[in-house]
Amino acid sequence: MTYPEALQELVEEFQAIEDKRERLEMLFELADEVVELPQDQWDDETRVRGCQSEAHVRIGIAEGRIQFLSAADARMVQGLMGILTIALDGLTPAQAVLIPPTFAEEMGLLNTLTPSRSNGFRNMYDKVMTDLRQNRGD
Amino acid sequence: MLRDQFPILQRKVNGHPLVYLDNAATTQKPQVVLDAMNDYYSKSNANVHRAVHTLAGEATEGYESCRSKLKQRYNAERAILTSGTTEAINLVAHAWGRAKLQSGDVIVLTEMEHHSDIVPWQMLSEERGVELRYVPVSQDFTLDMEAFEHALDGAALVCVVHTSNVLGVRNPLEEIIEKSQAVGARVLIDAAQGLPHSTVDFQSFGADFMAFSAHKMCGPTGIGALLVTQSAFDEMEPFMGGGDMIETVTIEGSTYQTNEHKFEAGTPRIAEAVGWTAALEWMESFDLDKEHSRLIDIASWVAEQLRGLGMNVYGRHGEHDAAVVSFLHPTINSEDMAHLLDARGFAVRTGHHCAQPLLHRLGISGTVRASFYIYNTREEAEALVEELREIVEKFA
């Protein structure tokens, strides 16, 4: 499928950057896009397993649209969350579950990240999609 | 030049020259080790200890030459070849621990241990009801020796790490062994981080077991050794059953080999043994003490520079410690730091380094660790400091 427009733009922006350090810096900047899940709301339900650092996500639905709250102690993980925040913004759960995880690879982020972090990203993606399906009533 | 003998050090990572500073995890291999393993597979590959044909003889000689080399280099009566330090420690837990320890017996460990010197004993404790006592680590990154002496009361076994993989701190092993022997306890030394930086005369050292790995001293992965005194060896019962470790097998039962083969069931790591022998011989081509002295000077300089950049540095970098610099910045996440360094070609380690009890004692969940080895240069250390300075200025 094609990505939502904002996500497609991000994919192209990352693809235009050759230097790994610059890709990392851009990822760090995307951490600012996160709608923060306050630390007092972190629990086992919100925890992303398999991440080397502490990472938490929560899906809410308001008027049929997704509200994605997240937080992590590493700027890099927050950057990945920022990408998901942009990707999911304004979508319905039914639209969002159609987004494949391939965008991270296309952005060159799976090369940028260590295997464990890549697995962490995949675990985060899977958790978000599972939570979305539950919200959708699957 | 010593460094030129390591082909991997010529490569670039992310467009930058590789600066490999993850040596406490594994070291790189010189060409002679790569050649020895390639030659073995190209010319002599066969199984060991069985057939009479020429290749089998060469393979057996290659494998056994590793054991001979280890016994000679470390003056050990027994050298059991294992997959590495972890298997060596597990072997002691199964072959000696199960034969000798029962409910109520005491094992003394330290908070500084790698998980591989904690978990096997926890498993044995659950199985046998053995009591585990942990010697705490003080704020100066050394063992609380007063607590150690208290813990020794009634101990059957003392397990202690030679040199911490997180802190680089070398423990007062001579004192620990002497005091343990005074109460009749056997002593196991986890020397995975110690032997790459120093050598030892095992018999005069006084420990009963010493575990270490080839890959942290320029040898291949997948092989290590357990040095054992003859008296401790005589107390060990076979652990893993199979080919090569038996003398006879009948339907009614089996009898076992009486030498190290008793603990090396199955086809062993022949090419790895050949590679390790080459690494051990190669290490005799330079003065390890002199190299260590150079590295600890570098590590101590790096530690001082990092403190100047506002980093918290964990370790003391004394004369006999390993050249390991563990550090954290107050505001830059350690994982982020390592990724930024990797983007410029620097290979460092982050995380808990398989020593969570130690990190818990220090009140942290992980560090960034730069660990230096014989091929690292002062220029690389200076480049690391400069890169970290740039990272701190930009991201703190």
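Colleague: Let's start with Ser334(B): buried or exposed?
Modeller: Keep in mind that this is a predicted model. Ser334(B) is buried, because 25 other C-beta atoms lie within 10 Å and the cut-off for buried is 20 or more.

Colleague: Which helix has Ser334(B) in it?
Modeller: Ser334(B) belongs to α11 of chain B, which covers residues 334-342.

Colleague: And what does Ser334(B) touch, if I skip residues up to four places away in sequence?
Modeller: Leu328(B), Thr350(B), Gly366(B), Thr367(B) and Val368(B).

Colleague: Where is Ala322(B) relative to Ser334(B)?
Modeller: Ala322(B) is 12 residues away along the chain, and the two C-alpha atoms are 21 Å apart.

Colleague: Different spot. Which residues of α4(B) are buried?
Modeller: In α4(B), residues 119-128, the buried ones are Pro120(B), Trp121(B) and Leu124(B). Viewed down the helix axis they fall within an arc of 95°, so they line one face of α4(B).

Colleague: What do those buried residues pack against?
Modeller: Four elements of chain B: α3 (85-100), β5 (106-110), β6 (131-135) and β7 (155-161).

Colleague: And what follows α4(B)?
Modeller: Gly129(B), with a positive phi near 75°.

Colleague: Zooming out, how many helices and strands does chain B have?
Modeller: Chain B has 13 helices and 17 strands. Its radius of gyration is 22 Å, close to the 21 Å from the globule rule for 396 residues, so chain B is as compact as a globular protein of that length. The C-alpha trace spans about 75 × 55 × 35 Å along its principal axes.

Colleague: How much of chain B is buried?
Modeller: 50% of its 396 residues count as buried. As for contacts with a separation of 6 or more, 69% are between residues 24 or more positions apart.

Colleague: What about the largest nonpolar core?
Modeller: That core has 163 residues. The ones with the most contacts inside it are Leu188(B), Ala211(B), Leu226(B) and Ala299(B). Helix α9 of chain B, residues 270-282, gives the most to this core, with 9 residues. In soluble globular proteins, nonpolar side chains tend to be buried together.

Colleague: Take Leu226(B). What is it in contact with, leaving aside neighbours within four places?
Modeller: Its contacts are Ile80(B), Thr82(B), Ala88(B), Leu91(B), Val92(B), Phe209(B) and Ala211(B).

Colleague: Over to chain A. What is its pattern along the sequence?
Modeller: The pattern reads α-α-β-β-β-α-α-α-α-α, with 7 helices and 3 strands. Of the 138 residues in chain A, 41% are buried.

Colleague: Last one. What scores does the predictor give?
Modeller: For the complex, an ipTM of 0.84 and a pTM of 0.92. Chain B averages a pLDDT of 96, and 100% of its residues score at least 70.

Notes: Residues are numbered from 1 along each chain as its sequence is written. Chains are lettered from A and ligands numbered from 1 in the order in which they are written. This is a predicted model: local features need pLDDT of at least 70, side-chain atom pairs count only at pLDDT 80 or more; totals for chains, interfaces and linings use all residues. A residue is buried if 20 or more other C-beta atoms lie within 10 Å of its own, exposed if 12 or fewer, and partly exposed in between; C-beta atoms are placed from the backbone. Helices (H or I, at least four residues) and strands (E, at least two) are DSSP runs, numbered from the N terminus. The arc is that of the directions from the helix axis to the C-beta atoms. Two residues are in contact if their C-beta atoms, placed from the backbone, lie within 7 Å. The radius of gyration is taken over C-alpha atoms; the globule rule is 2.2 Å times the number of residues to the power 0.38. pLDDT is the predictor's confidence in each residue, from 0 to 100. A nonpolar core is a set of buried Ala, Val, Leu, Ile, Met, Phe, Trp, Tyr and Cys residues joined through C-beta atoms within 7 Å.
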